[in-house]
Amino acid sequence: MEAGHVRMNPVRPRDLTLQDLATRWWRPVTAVLLVAAAVVWRLVKNDLGAPPNLEFSTFAAFAAAGLLRHRLAALAPLAVVALSDVVLGNSWIFVFTWSAWLLIGLGALWTRRSTGARRVATSLMFGAGSSIGFYLWTNFGVWLQGRGTFYPAGLDGLLASYAAGLPFLRTMLIGNLVLLPLAAGLLSLVERFERAHAVSTAPVRA
């Protein structure tokens, strides 16, 4: 490194404490509103004739992680499915769907500090990875619970379950590749609002 030149590493946003979130109340309020919107969408989407597996839970997971930057954000997608299942009901497949949403929520925590153009790229990777992971895990669950009844018990039955789930994967994947960059844009708007009102989110240095 040449003398007189100092390499500067960008400062990544720090995680927020509950006290921080109480001060910046608009962040948790926005996260709660997004979760509520995802719950309502899940309740009414069939009546509206929406394509199967067009969901807002992954959107809520990504947005909540960026808004809260707190481990509680991991519960956002699980809250969506649990609250809506109170009305819609479920079967034993919930073991796989709920665990999938919990894993998606935990995965969203990995995205919480991304910023700028990197955030958009991260949103696309997270949207694709979440969709494919959900598809692989839940269709495995469908096969496991229905093997010998709905599907053959062997590998051919598992492959048949995956083949049957491809239309659902397509809708979920396309939806998330559109919605997740919008979530990244929403996070940028919140940060712009905070800069305009001189709300500091920089790490506190001794």
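The following dialogue explains how to read selected features of this predicted model.

Reader: What conventions apply to the residue numbers and to the model?

Author: Residues are numbered from 1 along each chain as its sequence is written. The model is predicted, with local features needing pLDDT of at least 70 and side-chain atom pairs counting only at pLDDT 80 or more, while totals for chains, interfaces and linings use all residues; side-chain values use heavy atoms, without hydrogens and water.

Reader: How many helices and strands does the protein contain?

Author: Helices (H or I, at least four residues) and strands (E, at least two) are taken as DSSP runs and numbered from the N terminus. The protein has 8 helices and 0 strands, and its pattern along the sequence reads α-α-α-α-α-α-α-α. Its C-alpha atoms fill a box of roughly 70 × 45 × 30 Å along the principal axes.

Reader: How are burial and surface to be read, and what share of the residues is buried?

Author: A residue is buried under 20% relative accessible area, exposed over 50%, and partly exposed in between (1.4 Å probe, protein chains only). Of the 206 residues in the protein, 40% are buried. Accessible areas come from the Shrake-Rupley method with a 1.4 Å probe, and for residues only the protein chains shown count as cover. The accessible surface of the protein comes to about 11700 Å², and 69% of that surface belongs to carbon and sulfur atoms.

Reader: What percentage of the contacts between residues at least 6 apart in sequence join residues at least 24 apart?

Author: A contact requires heavy atoms within 4.5 Å. For the contacts in question, the share joining residues at least 24 apart is 75%.

Reader: Which residue forms a salt bridge with aspartate 20?

Author: The partner is arginine 14, with the closest N and O atoms 2.9 Å apart. Aspartate 20 is buried at 14% relative accessible area, whereas arginine 14 is partly exposed at 21%.

Reader: Which parts of the chain does the pair of arginine 112 and aspartate 15 link?

Author: Arginine 112 and aspartate 15 form a salt bridge whose closest N and O atoms are 2.8 Å apart. Arginine 112 lies in the loop between α5 (94-109) and α6 (116-146), and aspartate 15 in the segment before α1 (18-23), so the pair links distant parts of the chain, 97 residues apart. Both side chains are partly exposed, arginine 112 at 22% and aspartate 15 at 28%.

Aspartate 15 also meets arginine 113 in a salt bridge (3.2 Å, N to O). Because arginine 113 lies in the loop between α5 and α6 and aspartate 15 in the segment before α1, this pair ties together parts 98 residues apart in sequence. Arginine 113 is partly exposed, at 27% relative accessibility. Shared partners join Asp15, Arg112 and Arg113 into one network of salt bridges.

Reader: How is an aromatic pair described, and how many does the structure hold?

Author: A pair of aromatic rings is described by the distance of the centres and the angle of the planes. Rings of Phe, Tyr and Trp (its six-membered ring) pair if their centres lie within 6.5 Å; planes under 30 degrees apart count as stacked, over 60 as edge-to-face and the rest as tilted. The structure holds 13 aromatic pairs. In one of them, the rings of tyrosine 135 and tyrosine 162 have centres 5.4 Å apart and planes at 50 degrees, so the pair is tilted. Tyrosine 135 lies in helix α6 and tyrosine 162 in helix α7 (residues 155-164), so the pair ties together parts 27 residues apart in sequence. Tyrosine 135 and tyrosine 162 are both buried. Elsewhere, ring pairs link Phe96, Trp137, Phe140 and Trp143 into a cluster.

Reader: Where is serine 123, and which residues does it contact beyond its sequence neighbours?

Author: Serine 123 is in helix α6 and is buried, with a relative accessible area of 0%. Leaving aside neighbours within four places in sequence, serine 123 contacts Phe62, Leu180, Pro181 and Ala184.

How values were computed: Salt bridge = Lys/Arg side-chain N within 4 Å of Asp/Glu carboxyl O.
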